[in-house]
Amino acid sequence: MGDILSKYDVLGAFGMTIYLAFFAAIGSLVLGTVVAIMRVSPVKVLQILGAWYVNIIRNIPLTLIMVFSILGALYILGISLADRQSPTFIVDNGVRWAIVALSIYHAAFVCEALRSGVNTVPLGQAEAARSIGLTFGQSLRHVILPQAFRGSIAPLGSTLIALIKNTTVAAVIGVGEAAGLMSKVIENETGSIQVFLVFALGFVILTLPVGMLFTTLSRRLAVKR
Amino acid sequence: MSEQRVLFDAPGPRARRRHALFTCVGVLLVAGLLYVALRKMADKGQLDGALWKPFITAEVWREYLIPGLTNTFKAAALSILLAGTFGLVFGMGRLSPIAPVRWVSSVIVEFFRAVPVLIMMIFAFGVYAQNQVFSSEVNPLAAVVTGLTLYNGAVVAELVRSGVHSLPKGQAEAGLSIGLTPGQTLRSIQLPQALTAMLPALIGQLVVVLKDSALGYQITYLELLLWSKTLGSAYANTVPAYIVAAVLFIIVNYTLSVLARYLERRLSRRGRTSLPAVAVAPTGGDLSAAAA
């Protein structure tokens with residue numbers, strides 16, 4: 001096991017995994033919140049557009065989005081996310097497109113997580129807020145959103161864990177993260193169980209604390225009903 | 001729509017004007033995005049009829065798309081069957097009255113849920129290839145099925161467990177009180193009900209399996225995505241080929257989701273509890289979001 005760790009930059013590969021996950025988490029949170037707001041808004045057209053986004057993205061494989069981003073968007077359509085003159089053009093483009101693809105894909109799940117949070121708020125809460133004369137904005141700010149946010153912590157945690165694991169899909173466009181390095185190791189050495197354990201445990205170490213943190217948070221912040 | 005009616009008052013004249021404004025902004029924004037995308041495609045000649053015409057010929061379907069879909073379905077069907085078995089065994093293991101069996105099952109289930117499917121696929125592919133476990137044509141399929149089975153089996157195990165836990169306590173108590181052993185109670189009283197309740201969630205999981213089978217792309221399994229790439233090179237229409245593949249995936253998966261929702265409604269009409277098609281587990285789980 002030590003052999004692999006000393007010969008290959010395993011930590012660097014997991015660093016890239018974390019890098020991808022970090023920026024894609026921010027990207028998908030922003031995009032997902034926008035879509036979630038559209039879906040719970042009173043404007044019919046925005047609701048439909050939000051629902052379309054979720055239904056389309058949720059039913060396409062992430063691998064397809066990832067492959068399309070490079071083979072379609074970059075090579076054919078020429079949409080480049082990095083400076084063509086720069087010496088690290090190919091690497092930069094791969095990483096940036098991977099972040100974009102991960103963000104677009106997981107935004108659909110963030111949206112559904114937030115919406116399920118809104119759904120945990122009982123009808124009586126909104127009715128009560130209105131009946132004491134709060135305006136729409138006030139009832140949203142003081143009554144509904146605080147509860148909705150607390151109700152969506154658990155599914156948001158699940159989405160984040162899925163996102164961390166799904167960064168491996170970036171390997172299909174040649175980003176040097178954990179799964180990419182692992183196929184290189186297996187090709188050069190043998191597919192020994194140690195190789196698998198090194199990479200598998202890496203993901204267990206990354207995802208387990210996140211899962212525990214979100215479970216604790218969702219329990220502690222749960223609205224007692 | 002009931003949630004919308006609850007969240008919002010009936011709009012007055014000012015709110016209606018505001019909504020109309022938002023509608024316009026939304027429509028314009030999407031139309032703008034679509035325009036930019038189509039413009040970009042048109043600039044690169046991707047909207048030329050010549051690139052899209054192959055898709056109305058029988059040859060493209062016979063030589064590329066149908067074989068791709070068949071392989072995708074084959075991998076998904078094998079995986080969901082094996083994952084069901086795996087899940088049933090370890091789900092029952094986690095419900096076992098014997099503590100060590102419970103611990104071992106828990107560790108296995110939690111481990112395979114935490115490891116990305118692609119990592120398992122690449123590893124299985126490497127091991128099968130180097131030890132010549134299968135003939136070289138079957139290797140990619142075997143690796144895809146292995147990866148999908150281990151991950152989705154762990155998810156199904158969780159479904160089994162939550163399905164049994166969602167049953168009323170009286171069911172198990174009734175079984176025990178008429179003299180069945182805990183094992184008999186689980187097998188003949190709780191599991192049959194839990195499996196019915198699980199059905200929508202299981203079909204939802206099939207969508208995940210279908211999408212994840214596209215990861216076979218990375219280990220040269222000739223599923224729909226890889227066939228579309230080949231098609232794109234053969235006819236020099238990469239972008240249309242991927243768009244058609246995406247549409248095919250959406251049609252299949254959307255149909256399955258609709259079926260899952262229908263079953264869910266049907267079960268709840270019959271007064272049964274059912275696990276929702278997109279269950280989200282609080283602990284480290286990602287039943288809905290896991291798919292790649």
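Let me start with B:L191, which lies in helix α9, residues 182–212, of chain B. Helices here are DSSP runs of H or I with at least four residues, strands are runs of E with at least two, and both are numbered from the N terminus. This is a predicted model, in which local features need pLDDT of at least 70, side-chain atom pairs count only at pLDDT 80 or more, and totals for chains, interfaces and linings use all residues. Residues are numbered from 1 along each chain as its sequence is written, while chains are lettered from A and ligands numbered from 1 in the order in which they are written.

Is B:L191 buried or exposed? B:L191 is buried, because 20 other C-beta atoms lie within 10 Å. The cut-offs are 20 or more other C-beta atoms within 10 Å for buried, 12 or fewer for exposed, and partly exposed in between, with C-beta atoms placed from the backbone. B:M92 sits 99 residues from B:L191 in sequence, yet their C-alpha atoms are 8.9 Å apart.

Now chain B as a whole. Chain B has 11 helices and zero strands. Of its 292 residues, 45% are buried. Along the principal axes, the C-alpha atoms of chain B fill a box of roughly 75 × 70 × 30 Å.

Next, contacts, meaning pairs of residues whose C-beta atoms, placed from the backbone, lie within 7 Å. Among contacts in chain B between residues at least 6 apart in sequence, 73% join residues at least 24 apart.

How many residues does each chain bring to the contact between A and B? Chain B brings 54 and chain A brings 60. On the side of chain B that touches chain A, α11(B) gives the most, with nine residues.

Last, the largest nonpolar core, which has 147 residues. A nonpolar core is a set of buried Ala, Val, Leu, Ile, Met, Phe, Trp, Tyr and Cys residues joined through C-beta atoms within 7 Å. Those touching the most other members include A:L64, A:M182 and B:M121. The helix that gives the most to this core is α5 of chain A, residues 89–119, with 16 residues. Leaving aside neighbours within four places in sequence, B:M121 is in contact with B:A143, B:V144, B:G147, B:L215 and B:I219.

Note on methods:
Two residues are in contact if their C-beta atoms, placed from the backbone, lie within 7 Å.
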